[in-house]
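Visitor: I've got the model open and I'd like to talk through how the chains meet. Can you walk me through it?

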Amino acid sequence: MTYITKPRLHHPLLQPNALGFTRRDYEGKVSTLCAGCGHDSISAAIIQAAYELDLPPHRLAKLSGIGCSSKTPDYFLGNSHGFNSVHGRMPSVLTGANAANRELIYLGVSGDGDSASIGLGQFAHSIRRSVNMTYIVENNGVYGLTKGQFSATSDPGSKSKRGVVNHDQSIDLVGLALQLGASFVARSFSGDKAQLVPLIKAAISHKGASFIDVISPCVQFNNHVGSTKSFDYVREHNAAMNRLDFIEPRAEITVDYAPGEVEVVKQHDGSILRLRKVAPDYDPTDKISAITHLQLHQMRGEVVTGLLYVEPDAADLHDHLHTVQTPLNQLDDAELIPGSLALDAINDSLR
Amino acid sequence: MSLAAVNDFVVKFANVNGSGSASANGMFAKSILRMGVPVAARNIFPSNIQGLPTWYEVRVSEAGYLGRRGGGVELMVAMNPQTWDQDVASIEPGGYLFYDSSKPLPPAKFRNDIEVLGLPLTAICNAAYTDPRQRQLFKNIIYVGALAHLIGIEESVLETLVREEFGSKVALIDSNLKALAMGRDAAAENLAPIGLRMRRADKVGDRIYVEGNSAAALGAVYGGATVCAWYPITPSTSLAEAFTAHCQKLRTDPKTGEARYAVIQGEDEIASIGIVVGAGWNGARAFTCTSGPGVSLMQEFVGLSYFAEIPAVIFDVQRGGPSTGMPTRTQQSDVLLAAYASHGDTKHPLLFPEDPAECFDFGALAFDLADRLQTTVFVMLDLDIGMNEWLCRPFRWDDSRKLDRGKVMTYDDLETGKVFGRYLDVDGDGIAYRTLPGVHPERGAYFTRGTSRDPYARYSEEGPVYVANMQRLLKKFETAKTLIPAPVARPAKRRTPHGAVYFGSTTPAMHEALDLLEAQGVHVDGLRVRGFPFNDEVMAFIEAHETVFVVEQNRDAQLRTLIMVEGGVDPAKLVPVLGYDGSPITARFITDEISRRMQGSSVTPTPQAAE
């Protein structure tokens with residue numbers, strides 16, 4: 001459907017944000033995914049989040065690997081640079097891009113094949129390096145572009161469309177991300193935009209490695225009875241830990257909650273995360289109890305969603321490398337080249 | 001009859017890996033340089049940290065021949081019982097064997113046609129030191145002191161080197177000087193000076209003595225590299241470590257102490273090249289350093305860099321393959337791997353430095369080329385250049401030189417309405433303009449993917465669009481020919497139908513071989529190739545000669561293949577001369593091979609015999 005050109009005409013009643021952009025200015029090309037694909041809902045949530053954050057589109061770079069999910073960056077934020085890279089290797093490309101220019105916002109989009117199989121190593125290492133990024137896995141438990149093979153996030157006992165039962169253990173990316181030191185970890189559902197949009201906004205505002213696992217049913221190959229990644233299954237087993245309101249640094253706080261009902265987390269940029277508790281005993285700033293809680297609920301077959309962990313004052317890769325504040329790609333010749341005098345001294349030391 | 005030679009002989013040290021011999025042997029080599037005599041020293045070491053045999057070969061050559069000579073050695077310092085027999089066997093008739101005579105050895109362990117010089121080094125150490133580590137370390141210094149007496153290295157030269165080495169650590173200076181004196185005194189009491197003599201000369205000039213890996217890393221600093229992503233692999237590891245060390249000194253913001261560089265140790269070679277490609281896409285000069293096994297792993301990304309046209313630099317410090325192959329042995333066997341890296345129709349510029357001075361030059365140039373050509377550029381070192389200290393001309397930098405960032409559209413370009421097509425050839429040189437992420441709020445953004453897009457980076461799988469893009473990439477490769485450093489000719493003294501093409505670390509042995517051949521009345525024009533794609537001069541040279549020997553350090557004559565394929569040259573015209581046993585190719589081997597072929601006895605290549 002790439003031959004269809006999206007009309008540039010906008011409805012006059014579309015509300016512009018603080019930058020004067022309407023929601024449609026954050027759109028991309030027409031999606032070529034299947035009608036009803038969960039991934040398109042995630043693209044819509046990303047568009048909504050960027051619009052609500054008043055994000056200058058060119059200050060964000062979107063990177064992806066290979067697969068259905070990795071095609072989606074072409075379908076949102078058309079005024080942002082995008083990079084459809086190599087299967088399973090988006091994290092390293094994003095790490096390099098981030099090293100080159102610390103000032104941009106980096107959005108990594110990947111799938112369960114891309115991140116949990118071929119790219120599991122890169123997923124792990126980009127997180128343990130605390131790359132400042134928002135890493136979204138559009139998780140459908142299946143290989144879509146190659147037509148229906150199980151992925152590594154398929155649950156044991158789940159059935160493929162052809163009726164084959166998966167016996168392999170599933171990889172829990174959320175559990176891994178927690179263990180590897182991601183400082184923002186969330187899970188959501190492509191069918192729950194109200195939950196997903198504030199999570200994306202909070203993740204983008206977070207400094208450090210933010211990871212969001214979004215269960216995103218594949219309508220073509222993994223939406224049948226017996227699948228644990230279908231719309232019906234996820235709706236029936238969704239156990240939300242909390243509901244997030246994302247409040248931008250300068251926004252006025254207008255809604256009050258009864259004490260005990262809400263947890264307030266302030267991030268390094270001044271943004272405030274107000275978490276309305278659904279599970280009363282869940283504390284998303286306590287990693288150990290978060291891991292325990294997750295394991296418990298997952299054992300019962302529940303899909304735990306919400307903001308699962310946040311470390312509001314995390315350090316990132318540049319803090320660890322102690323790099324200059326000026327982006328490395330903007331240093332000029334004088335800052336980079338030590339010159340002939342320094343070279344003479346080096347020559348002298350080598351005689 | 002014992003050998004006699006002044007400033008022209010080979011000394012080989014046979015040691016046990018991890019015994020601390022490297023610094024003592026290095027001091028020996030440097031002391032010869034400080035006497036104004038050129039030296040070429042090579043480590044021949046195993047893939048091991050402690051226990052296996054290791055050798056250090058020092059060629060003393062007032063004539064300035066810095067390649068390996070070949071043949072036996074004039075003086076063997078045999079400090080390793082494991083390799084005693086082969087070490088004794090490798091001494092030239094009339095040569096000298098220096099050994100630790102603390103334990104008596106049966107006469108059958110020696111040869112009648114060599115001169116044996118025994119000193120009870122272990123006994124001397126045991127009497128002087130109680131600490132086992134000191135006994136081991138100072139034994140090395142003691143034999144350097146003894147050798148200095150035997151061949152006539154000036155005492156003051158060694159003393160200066162010790163003082164430079166230990167700086168303000170007075171105790172270490174004193175103890176090392178004491179050990180040198182012990183060796184010298186023991187030799188003076190027990191042995192007479194030998195026929196191999198050092199005589200002060202003035203043949204070193206302003207040259208420097210440095211490892212190629214360190215030089216290439218310094219080149220990367222001067223070439224403006226800011227991102228280094230790498231994974232440890234012999235023999236390239238010291239390049240990344242040297243880059244880090246150079247940057248700590250040269251790239252730290254003097255006010256804030258912050259780093260104007262980022263060094264990231266990847267989880268593997270794939271991540272390393274991924275980081276480089278990501279940084280290159282985002283406008284930082286980035287590189288990785290690796291060896292053949294690493295380049296194998298990087299193939300997919302190198303192809304992406306080729307098609308998506310993203311600058312990247314790879315330093316390939318070549319070694320014997322495969323992964324469990326000969327990691328500490330030198331070869332030039334990644335030429336084809338690098339030239340045609342990746343799937344699909346791809347080819348990449350290569351640079352072939354001949355010594356550390358050129359490692360520096362090409363280390364810097366590679367980043368200009370990568371930005372200009374928007375592709376991966378390989379700098380092809382090898383273990384011999386990378387991990388050995390070489391005597392070479394000093395590093396040079398012209399302060400008026402600016403980094404060539406290539407075709408990058410700025411905010412102003414976009415603002416004034418310049419047409420931007422990411423893969424649009426506007427200048428006719430096959431190179432399109434690129435933009436960097438974040439450049440402009442409304443213009444210049446594009447979606448990067450391999451092919452399947454048109455000149456404006458819009459999705460397209462149409463055949464003619466694909467073909468047009470592939471043709472443009474070929475045109476770009478033609479442009480690259482004009483940017484690769486031209487070959488360096490070394491014409492014979494007489495007009496000759498015979499030529500020889502060579503590259504990289506083969507050069508010094510090759511030049512010596514050309515001299516040796518000339519002394520035999522065999523005239524061969526030499527041409528040192530400095531990169532790929534081949535400039536027109538390379539093809540003109542081949543055209544101008546009836547027979548061209550292609551001298552290289554691999555089994556399959558890889559440079560020859562490249563010349564045949566890319567230049568459409570008749571294979572019969574290109575005669576391979578191949579040394580690939582893992583030790584650096586020698587002048588005598590090349591000489592013998594070429595003169596044998598010239599006599600028409602055979603054209604079948606025979607490998608360099610292991611020594």
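Visitor: How many residue pairs are in polar contact between chain B and chain A?

Guide: Bear in mind that this is a predicted model. The count takes in pairs with both residues at pLDDT 80 or more. Between chain B and chain A it comes to 26 residue pairs.

Visitor: Which element of chain B gives the most residues to the side that touches chain A?

Guide: Several elements give two or more residues to that side, among them α1 (21-34), α7 (212-222), α9 (269-281) and α10 (292-308) of chain B. The top contribution is eight residues, and it comes from α9(B).

Visitor: What does that side of chain B look like by class, and how many of its residues are nonpolar?

Guide: Altogether, 68 residues of chain B are in contact with 55 residues of chain A. On the chain B side, 17 are charged and 15 polar. The nonpolar residues there number 36.

Visitor: How much area do the two chains bury between them?

Guide: The size of an interface is often given as the accessible area lost when the parts come together. Here 62% of that area is on carbon and sulfur atoms. For chain B and chain A, the total is about 5200 Å².

Visitor: Which residue of chain B forms a salt bridge with Arg129(A)?

Guide: Two salt bridges are counted between chain B and chain A. In the one formed by Arg129(A), the closest N and O atoms are 2.7 Å apart, inside the 4 Å cut-off. The partner is Glu267(B).

Visitor: Last one: how far apart are the C-alpha centres of domain 1 and domain 3 of chain B?

Guide: Chain B is divided into domains that include domain 1 (5-197) and domain 3 (407-484). Their C-alpha centres are separated by 60 Å.

Terms used:
Residues numbered from 1 in each chain as written. Chains lettered and ligands numbered in written order. Predicted model: local features only at pLDDT ≥ 70, side-chain atom pairs only at ≥ 80, totals over all residues. Heavy atoms only, no water. Contact = heavy atoms within 4.5 Å. Buried area = accessible area lost by both parts, 1.4 Å probe. Salt bridge = Lys/Arg side-chain N within 4 Å of Asp/Glu carboxyl O. Polar contact = N/O pair within 3.5 Å; in protein donor to acceptor, adjacent residues only side chain to side chain. Helix = DSSP H or I, 4+ residues; strand = E, 2+ residues; numbered from the N terminus. Nonpolar A, V, L, I, M, F, W, Y, C, P; charged D, E, K, R; others polar. Domains from an automatic or database assignment.
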